[in-house]
Amino acid sequence: MSNRCGTPTKKMTHLSAVLLVCIIGHYALAYDQESRKQPHIVIFTADDMGWHDVGFHGSNQVATPNIDALAYDGIILNRHYSAPMCTPSRAALMTGRHPINVGMQHYVIDSDEPWGLGLDQRIMPEYFREAGYRTHMIGKWHLGFFTEHYTPTSRGFDTHIGYLGPYVDYWTYVSKMNSGTFEGYDMRQNRYVNYAANGTYATDYFTTAAKDIIAEHGKSEQPMLLVLNHLAPHAGNDDDPLQAPQETIDRFAYIENHDRRTYAAMISKLDDSVGAVYESLKANGMLDNSIIVFMSDNGGVTRGMHSNTGSNYPFRGQKHSPWEGAVRTAALIWSPLLQDTQRVSNQWFHISDWLPTLASAAGIPVGNSSYSDIDGIDQWEALAYGTGNPRQKLMNNLDEIFGYTSYVENGFKYINGTTQDGLNDEWYGETDPLDKLPGDDQYLSAVMSTGIARAGKLDEKLISYLRRHAKVNCGNAISNKPCNPLIKPCLFDIINDPCEMHDLADEHPKKLREIRQHLEHYRLRAAPPRNRPHDPAADPTKFGGVWNWWRTDPAKTSKQHDEIPPPSHSLSKDTQLFVIIPIVVVGIIFVIGTLLYLSNKNIIKLCRRKKLDSSTTPSEIPTDASSPDGKATADAAFSSKIYVISDRDLDSTLNQSFARDDSSAMIGSAFARDPKNS
């Protein structure tokens, strides 16, 4: 009896002990979470900086010791992707959404255009401010300001010190639009014009502003979100695009090209800013609970409009193109909160991931809110602990006005169409062999001399190892099979062929079909571009020579006569002629064959029908305006005017062909039958 009665007693004692441990553990965890402060977050965004313009990617030409030390002590994000231009990439950063889903996919906002990122979109500072953060923006906004409702301090930022448009002069803060004769002063302190900045080099002014904000936060317990969007190294106005203090330029006398020498000085001042902000966080007792992110908004501009001599070498293309040189950008993350650091990460990361990732680090929920869905993926755990690669797809951009698509899926990159008739589609930015560059010993010494390297206890062996693994080589073993996306879609193995040299479209027709089907999903969800034409009412002379909001009602974003700017066709007129002639010839042969096959009675009926239909004038570029079930699509009229290379048109023919035969030979015949892909 005693044994029978004693056993339950022991079990109950054991269960009670386990329960007690669980309760204590629960409250200890809750106390730890409450006592743990939310991290301070600092986001550096460089403007139009090239992949090859930081030392940690292998170049000794441009000195970036502070940025490099931060990268080596943190995590180098070697597959960080963005949109190919400023406004789309900044919209993705702020919203956590693809630009195509918020109507920001087509080009950038000029200061005299009445549009911006939709007010229905909840953006990064709103999430963080609601969670108790003080939110600050310094530098470039470029998401619209035609009404005051679109400005930073109306959209969640407690403070803004910077400019509202795309670029300014580095000393005078005057911005001159290429689209017309308008020019005006563009510098703000919150909603007020800031004339005090005039005469101070922009990078230095923004750095001082950041240090002041950090010092203020160091006196309080409130967490800080600081978005520092530098002007550097974006070109200024066309009459004097590249600017830096002369003493800094003189440090790069070994660079033969004068413009590239000035550009190197602009980058060097940006690097000084990173070092100064790091030291300010440390001096104010905030560094141990901080997350620092550094990235470029898109690739550099080696040639053409707003060229700054930026180098994306060895990648193909540059800003405003579908290639890696436009969308694969230099990036890093540093934080004592990261457990797995001093490494090179090859996980796929999109600029839209920063909102959910940083919010996760701060314990802020952002997904599936009542505002809008988040396209970005929370990668904090993967970064902090090195636990895998949660992202496998990257929508770089889908612009049906310019007529191009850039998309990555499971290591395959798909490109269809391009910009500027292919003028930005080559490989640019190789270092001038005449430059007498500093050696590796000098490079290592410069990095090791930084406070960041000393604090991180970096050594030369570790730096050399990480630098070697962060450098991208095209690979001599990769054969060269060029592809012109103006003629047909291209497919690249972007892991083994990062320089986009060998087209695999003919070798992997099934993969090509799958990607096209997935792209249709993106296309159906895409919002129409929000772009609006230039408005004479924006003229700064009407506001005392200052760029200012000129409309009062945000609901009236455009008048009835406003239209989306006309498309810039990727296909030249000569190419269009070569496309149209085969269409006409094939059409004539088809009609003749049909007439011979039909009976005389049917021939007469067909001729009568053709005579009746002959009154309809054909479009300049034939477009299949029907869906597979024969019903006309809603955007058929719009497509015939705008789409030059349309993924939707290809799908109609490809799906029919693949249903019969998945072989590459049948794919070739499908392309031959569909003149839109010639």
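# Why is it called that? A guided look

Guide: In helix α2, the buried residues are P65, N66, I67, D68, A69, L70, A71, Y72 and D73. This is a predicted model, where local features need pLDDT of at least 70 and side-chain atom pairs count only at pLDDT 80 or more, while totals for chains, interfaces and linings use all residues. Residues are numbered from 1 along each chain as its sequence is written, and side-chain values use heavy atoms, with hydrogens and water left out.

Visitor: What makes a residue "buried"?

Guide: The relative accessible area must be under 20%; over 50% is exposed, and anything in between is partly exposed (1.4 Å probe, protein chains only). Across the protein, 55% of the 678 residues are buried.

Visitor: Why is α2 called roughly perpendicular to α11?

Guide: The axes of α2 (residues 65–73) and α11 (residues 440–448) cross at roughly 75° and come within 8 Å. Angles of 65 to 115 degrees count as roughly perpendicular, under 35 as roughly parallel, over 145 as roughly antiparallel, and the rest as oblique. So α2 is roughly perpendicular to α11. The axes are lines fitted to C-alpha atoms, for helices over the stretch in contact, with angles from 0 to 180 degrees between N-to-C directions.

Visitor: Which residues of α2 and α11 meet?

Guide: P65, D68, A69 and Y72 of α2 meet Y443, A446 and V447 of α11, where contact means heavy atoms within 4.5 Å. By class, six are nonpolar, none polar and one charged. Nonpolar covers Ala, Val, Leu, Ile, Met, Phe, Trp, Tyr, Cys and Pro; charged covers Asp, Glu, Lys and Arg; the others, Gly among them, are polar.

Visitor: Then why is α5 called roughly parallel to α7?

Guide: Helix α5 (residues 202–217) and helix α7 (residues 258–283) have axes that cross at roughly 10° and come within 10 Å. That angle falls in the parallel range, so α5 is roughly parallel to α7. Residues making this contact include T203 and K211 of α5, and K269 and L281 of α7. The classes come to six nonpolar, four polar and three charged.

Visitor: How do you know that C474 and C499 form a disulfide?

Guide: Their sulfur atoms are 2.0 Å apart, and a disulfide is a pair of cysteine sulfur atoms within 2.5 Å. The torsion about their S-S bond is about -90°, so this disulfide is left-handed. The pair links distant parts of the chain, 25 residues apart: C474 is in the loop between α13 (460–470) and β18 (490–493), and C499 in the loop between β18 and α14 (509–525). C499 has 0% relative accessible area, so it is buried.

Visitor: What makes the link of C483 and C490 left-handed?

Guide: Its torsion about the S-S bond is -85°, and the S to S distance is 2.0 Å. C483 is buried at 6%, and C490 is buried at 0%. The whole structure has two disulfides; with the bonded cysteines numbered in sequence order, the pairing is 1-4, 2-3.

Visitor: Why is the pair of Y107 and F402 called edge-to-face?

Guide: Rings of Phe, Tyr and Trp (its six-membered ring) pair if their centres lie within 6.5 Å; planes under 30 degrees apart are stacked, over 60 edge-to-face, and the rest tilted. By this rule there are 18 aromatic pairs. Y107 and F402 have centres 5.9 Å apart and 65° between the planes, which makes them edge-to-face. They sit 295 residues apart in the chain.

Methods:
Helices (H or I, at least four residues) and strands (E, at least two) are DSSP runs, numbered from the N terminus.
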